[in-house]
Amino acid sequence: MKQLTKQTLIAYLLPVISGLIVLFIPDYDAFFTWLTIGIYLLLIMLPGFLYLKYKSRKNKEIVYRLTAKYMMYAFLLFWTFPILKLFSNNLGIQLLLLAIFISMLYLAKYDQNTEVPIIYPGDGKEHKKIAYVYYALPVLFVIAGGGGNVVAARHIAERLGHSKTMLLFSIVIYLFSCWILFFFSSIIYKSHVKEGFLDK
C-alpha cells in the first residue's frame with residue numbers, strides 16, 4: 001500500500017509538470033493558463049470525490065488507483081494544448097483534435113474486446129505483428145521531432161522556419177500523447193474491467 005501511495009503522489013505531480021511546460025509551447029496564452037489552473041483545481045478535489053463514492057469499501061486501494069488514472073489522463077491532455085493553441089482561431093479543428101484524443105479511450109476499450117488486441121495480443125507470432133507496428137510508432141515520432149538531438153532540431157527550425165517547426169513539434173507531441181493514452185487506457189481497461197478490479 002505504501003508503494004501505491006507513492007505512485008499516486010507522483011501521478012499527482014505529473015499534470016502540474018506537463019501543464020507548466022506546455023503553457024509556453026508554442027506560445028504563451030492566458031486562456032490556456034486559466035484552463036490549466038481550472039483543470040488542476042478539479043483534480044485536487046478528485047480524491048475526496050472518489051473517497052465518498054467508494055467509502056463503503058474496506059479496501060480503499062481503488063481510490064489511489066483511480067486518482068493515479070485520472071491524473072495520468074490530465075497529464076496527457078495538457079500535451080494537446082500546444083497544437084490547440086496553434087489552431088486557436090479555428091474551433092472546428094480544435095474540437096476535432098480533442099475528439100480524436102478522447103476517442104483513444106474508446107478505441108482502447110474496443111481493442112481489448114477484440115479476439116487479438118494490440119496491447120497484450122497473446123503468444124502467437126502472427127498476433128504480435130500489429131503490436132510491433134504499434135510499438136514502432138514512437139520511434140517514428142522521435143525521428144520526426146529531430147531524434148531528441150538539439151542540433152537536428154535546430155536544423156529543422158532553420159529550414160522550416162519558426163511557425164512550421166512549432167507546428168511539426170506540436171503534432172509530434174500530440175500524436176505521442178494519443179499513443180500513450182491508447183496504451184495506458186488498454187492496460188487500465190484490462191486491469192479494472194477484464195480482470196475485475198473494480199468489482200472486487
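**Notes on a predicted helical model**

1. Helix α1 covers residues 2-22, and its 21 residues should span 30 Å at 1.5 Å a residue; the C-alpha atoms at its ends are 31 Å apart, which agrees. Its buried residues are Leu 4, Thr 8, Ala 11, Tyr 12, Pro 15, Ser 18, Gly 19 and Val 22. What do these buried residues pack against? Their partners are α2 (30-53), α3 (61-78) and α4 (81-86).

2. With 18 residues, α3 reaches 26 Å from its first C-alpha to its last, close to the 26 Å expected at 1.5 Å a residue. Of those 18 residues, 14 are buried, so α3 is largely enclosed by the rest of the structure.

3. On to the nonpolar core. The largest one has 40 residues, and Leu 43, Leu 76, Phe 81 and Phe 182 have the most contacts inside it. At least two residues of this core come from each of α1, α2, α3, α4, α5 (91-112), α6 (125-144) and α8. Which helix gives the largest share? That is α3, with eleven residues. As general background, nonpolar side chains in soluble globular proteins tend to be buried together.

4. Apart from neighbours within four places in sequence, Phe 81 is in contact with Val 22, Phe 32, Leu 35, Thr 36 and Ile 39. Val 22 is also one of the buried residues of α1.

5. How many salt bridges does a search of the whole structure find? The search finds one. In this salt bridge the side chains of Glu 61 and Arg 65 meet, at 2.7 Å from N to O. Glu 61 and Arg 65 are about one helical turn apart, because four residues separate them in helix α3. Arg 65 has a relative accessible area of 32%, so this residue is partly exposed.

6. Now the aromatics: the structure holds 15 aromatic pairs. In one of them, the ring centres of Tyr 70 and Tyr 73 are 6.1 Å apart and the planes lie at 70 degrees, so the pair is edge-to-face. Tyr 70 and Tyr 73 are three residues apart in helix α3, and therefore about one helical turn separates them. Is each of the two buried or partly exposed? Tyr 70 is partly exposed, with a relative accessible area of 34%, while Tyr 73 counts as buried at 17%. Elsewhere, Tyr 134, Tyr 135, Phe 176, Trp 179, Phe 182 and Phe 183 form one aromatic cluster.

7. Beyond neighbours within four places in sequence, Thr 165 is in contact with Ile 156, Ala 157 and Leu 160. With neighbours within four places in sequence set aside, Ser 170 is in contact with Pro 26, Pro 82, Ile 83 and Leu 86.

8. Last, a residue in helix α2: Met 45. Met 45 has a relative accessible area of 42%, so this residue is partly exposed. The C-alpha atoms of Met 45 and Phe 182 are separated by 26 Å, and the two residues are 137 residues apart along the chain.

Key
Residues numbered from 1 in each chain as written. Predicted model: local features only at pLDDT ≥ 70, side-chain atom pairs only at ≥ 80, totals over all residues. Heavy atoms only, no water. Expected span 1.5 Å × (residues − 1). Buried < 20%, exposed > 50% of the residue type's maximum accessible area, 1.4 Å probe, protein only. Contact = heavy atoms within 4.5 Å. Core = buried A, V, L, I, M, F, W, Y, C linked by side-chain atoms within 4.5 Å. Salt bridge = Lys/Arg side-chain N within 4 Å of Asp/Glu carboxyl O. Phe/Tyr/Trp six-rings, centres within 6.5 Å; stacked < 30°, edge-to-face > 60°.
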